[in-house]
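This report walks through one protein structure, part by part. Please look over the sequence and the 3D view before reading on.

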Amino acid sequence: AHDFRSLSDDSEDAGLRFVTCQSLWNQVKSETQQIQEDLNKQMLENLVSFLSRSHSNFQEKTTEWTCKMKFREIPTAALVLGVNVTDHDMTFRGLSDVLQDNITPYVALLEAKDCPGIKNLMQKLMGQLMNCDVDVDSLEDEDCVQVSQNRIRCSMSSLISWYESLKKKTDSETPSKKRNSSSRHWQSPPVVVIFKDMESFTTKVLQDFIIISSQHIHELPLVLIFGIATSPMIIHRLLPHSVSSLLCIELFQSLSCKEHLSTIIDKLLLTSQFPFKLGEKVLQVLINIFLYHDFSVQNFIKGFQLCIVEHFYSQPLSVLCCQVVDIKKRAYSLSHDQCENIRRLPSFRRYVEKQESGKQVALLTNDSFLKEETAKLLEDLHVYHENYVSILRCLHVFTSSLPKYPLGKQIRELHCACLENRVWETEEYESSLQLARMLNKIDLVNMLQQCVEILMSSSGREFDKTVEKLKEFLTQFQNLEAEASQERNVSVSSQKELQKKTDLYQLQKTLLELKESRRSKKLSKFEMLRFEVVDYIDSLVRKYLVPAEDRTLHEIVYFNTASVLRGHLNAAPRTALHTALNNPHWYLKNQALKCDGGGISNKAPDICIVYKLHLECGRLINLVDWLEAFSTVVMAAEEPNADAASSDQVDDTIHARFIRAVSELELLGFIKPSKQKTDHVARLTWGGC
């Protein structure tokens, strides 16, 4: 985490940057949580409906439940969440909250790492349901849990007794209390057990729990939820038919992680709600990590938040990365140093070079004029973003409907292409235009209607004439339909006249004229209109989808330092470990540890001293020599001992410190014991980092 107080700028500016960064961070966090809830809403509603059906059957003791009870079937929801395992925790937390708020207080979340055996599973299950902490190591009998002052045996019969006692207690309450308590939860609420990572559970644990539960299903309204990352077939691979037949399984599918990512990008990046933007290379780094590493949307969001912090920490002018209503106020309060920072921006220097000489002098010498111009340019940049998003969506309507996807099917791919360079100069764009010029009328009309809806709902102020033009195209297509029906009638009548001609010469002459007319056939009205529509969309693209790097002051709102982000997200453990051990001052920021010329400070941690000494050795390291060198470094600052005899012996404390440091170095994989010589160790790493 960066400390904004360590910035060299004045404290007031650093404080404002920190407040702006924190506010933006909170907005992003709130927005992503809302997106997550919206995306999971349908799935959670389906799960609640499933629980309602299962529970009502149990409560009413209907024929269906009696039939299930006869075959000892347990209602089971198979929840397929995808391979993005790191995102599952948030989904399960949301599911648990919904169940506990509206349906039942009895929800248990189980993980495979906590349940190596059926005893551990029952302990965790009863511990969570009874709201008590289970510490296996502190219990003499591992089959029991401590509830209040009583020890309860971890078994299904104990769980049933506990549930029935709670049910009797609820039934004995007064009607008013019962009404209040049941306002949130169902009467006789079910016990929901969620297996978060079903693939990781051992077959024996699952089998034993399902068999035991099925024998008591008529006494306990148990419902199982399996969290599945791969495929529902894993249930039948883990469980034999005799066990899986005890489950009444219903399948639920969550939104795919790619669709989830597209929604996140759409809500966070393709919007004017957030002034902060990502450059093309930075966005590509985040997308590549998502596609080729973990498919984790949460990690993508964390990367986005990291970009926010890095931008506000490293960019002195990020104080101007704010909502449009605050731009003028902050621009007019800029200091002289900040004005000089603006003048040093590459995009601003290009802007100055295009101005007339008088304005150039004013921009470079007059701070007041510069502040006014800065406010105007930032407002123009905000308008550019609004227009960019609207036209990008319109272009995506066309490219995503083509038989091929030269510019990609997802809008994020199209967005990256537009950020990278002038998209209309690419071969992929030309291919898209050629395909668009072959679209049929129905597709073209549908696309134009979607574009009209997008532009009418846009906050851009320049699209009134554009909407009128698109509506005019739609009207022309409707008129073409009427004209086409008339032309069809004329062609039918001409063919009938041709059939009436019996003279061979006249017939041949007419056929030759028809053939010649087909050769020199001009474009039909529909084809001309189709070309006109595609050319108009092309003109909008060239006008509004200019790359952000061509806009003045884009450095203030765009984070483009991909190398910094890559260094944070792409782990390089060996490099980080070498830096920490070779130069502890880099991380600890302790001036006493700072060494010049490659020396070794006796103030450094023992493992750092041992590590730097081992770098000076060959393939085999003599432990005695190593210990003497370590002792020399550690005792360098101490006064020489008067007793010469005692100087031949190494202090026991130093010896113990050395042994511990060498053990830690072995644990990290830098050395290993040598079979050639007992008093030597072998070095395992070579070369620089």
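## Asparagine 84 and its surroundings

Apart from residues within four places of it in sequence, asparagine 84 is in contact with Cys257, Asp294, Phe295 and Ser296. The model described here is a predicted one. Asparagine 84 sits in the loop that links β1 (74-80) and α3 (88-102). With a relative accessible area of 6%, asparagine 84 is buried, because buried means under 20% relative accessible area.

## The five-stranded sheet

Strand β1 belongs to an open sheet of five strands, arranged in the order β2-β5-β6-β1-β7 with parallel pairing. At its edges stand β2 (107-110) and β7 (247-253). Each of these two has a single partner strand, so one side of each is left without a neighbour in the sheet. From one strand to the next, the twist averages 20°.

Within this sheet, strand β5 (residues 191-195) and strand β6 (residues 222-228) run parallel and are joined by five bridges. Valine 191 has leucine 222 in β6 as its bridge partner. Helix α7 (residues 203-215) packs on the sheet, where it touches β1, β5, β6 and β7. The direction of α7 makes about 160° with that of β6. Helix α3 lies across β1, β2, β5 and β6, and runs at about 165° to β2.

In soluble globular proteins, nonpolar side chains tend to be buried together. In this model the largest nonpolar core has 106 residues, of which Phe276, Leu278, Phe348 and Leu470 touch the most other members. Helix α17 (residues 367-399) gives this core its largest share, 14 residues. At least three residues of the core come from each of domain 1 (10-58 + 68-132 + 188-255) and domain 2 (260-436 + 545-559).

Which residues are in contact with phenylalanine 276, leaving aside its neighbours within four places in sequence? They are Leu24, Phe304, Cys307, Ile308, His311, Cys321, Val557 and Phe559.

Another open sheet has three strands in the order β10-β12-β11, with antiparallel pairing. Its edge strands are β10 (620-622) and β11 (671-673), each of which pairs on one side only. The twist here averages 35° from one strand to the next. Three bridges join β11 to strand β12 (residues 680-683), and these two strands run antiparallel. Lysine 672 stands opposite alanine 682 in β12. Helix α29 (residues 623-634) packs on the sheet and touches β10, β11 and β12, with its direction at about 60° to that of β10.

Helix α28 (residues 606-614) is mostly covered, as nine of its nine residues are buried. Among them are Asp606, Lys612 and His614, along with Ile607, Ile609, Val610 and Leu613. The cover over the buried residues of α28 includes strands β10, β11 and β12. It also includes the helices α26 (573-582), α29 and α30 (652-667).

## Two residues with positive phi

Leucine 553 is not a glycine, yet it has a positive phi of about 65°. Leucine 553 is placed in the loop between α23 (525-544) and α24 (554-557). It is buried, at a relative accessible area of 0%.

Lysine 589 is also not a glycine and has a positive phi of about 55°. Its place is the loop between α27 (585-588) and α28. Is lysine 589 buried or exposed? At 58% relative accessibility, lysine 589 counts as exposed.

## Cysteines and aspartate 337

How many disulfides does a search of the whole structure find? The search finds zero. Cysteine 115 is buried, with a relative accessible area of 2%. Cysteine 339 counts as buried too, at 0% relative accessibility.

Aspartate 337 lies in helix α14 (residues 336-343). Its relative accessible area is 56%, and aspartate 337 is therefore exposed, since exposed means over 50%. Aspartate 337 and proline 316 are 21 residues apart in sequence. In space, the two are 9.8 Å apart, C-alpha to C-alpha.

Terms used
Residues numbered from 1 in each chain as written. Predicted model: local features only at pLDDT ≥ 70, side-chain atom pairs only at ≥ 80, totals over all residues. Heavy atoms only, no water. Disulfide = S-S within 2.5 Å. Buried < 20%, exposed > 50% of the residue type's maximum accessible area, 1.4 Å probe, protein only. Core = buried A, V, L, I, M, F, W, Y, C linked by side-chain atoms within 4.5 Å. Helix = DSSP H or I, 4+ residues; strand = E, 2+ residues; numbered from the N terminus. Domains from an automatic or database assignment. Contact = heavy atoms within 4.5 Å. Pairing = 2+ DSSP bridges. Axes fitted to C-alpha atoms, helices over the stretch in contact; angles between N-to-C directions.
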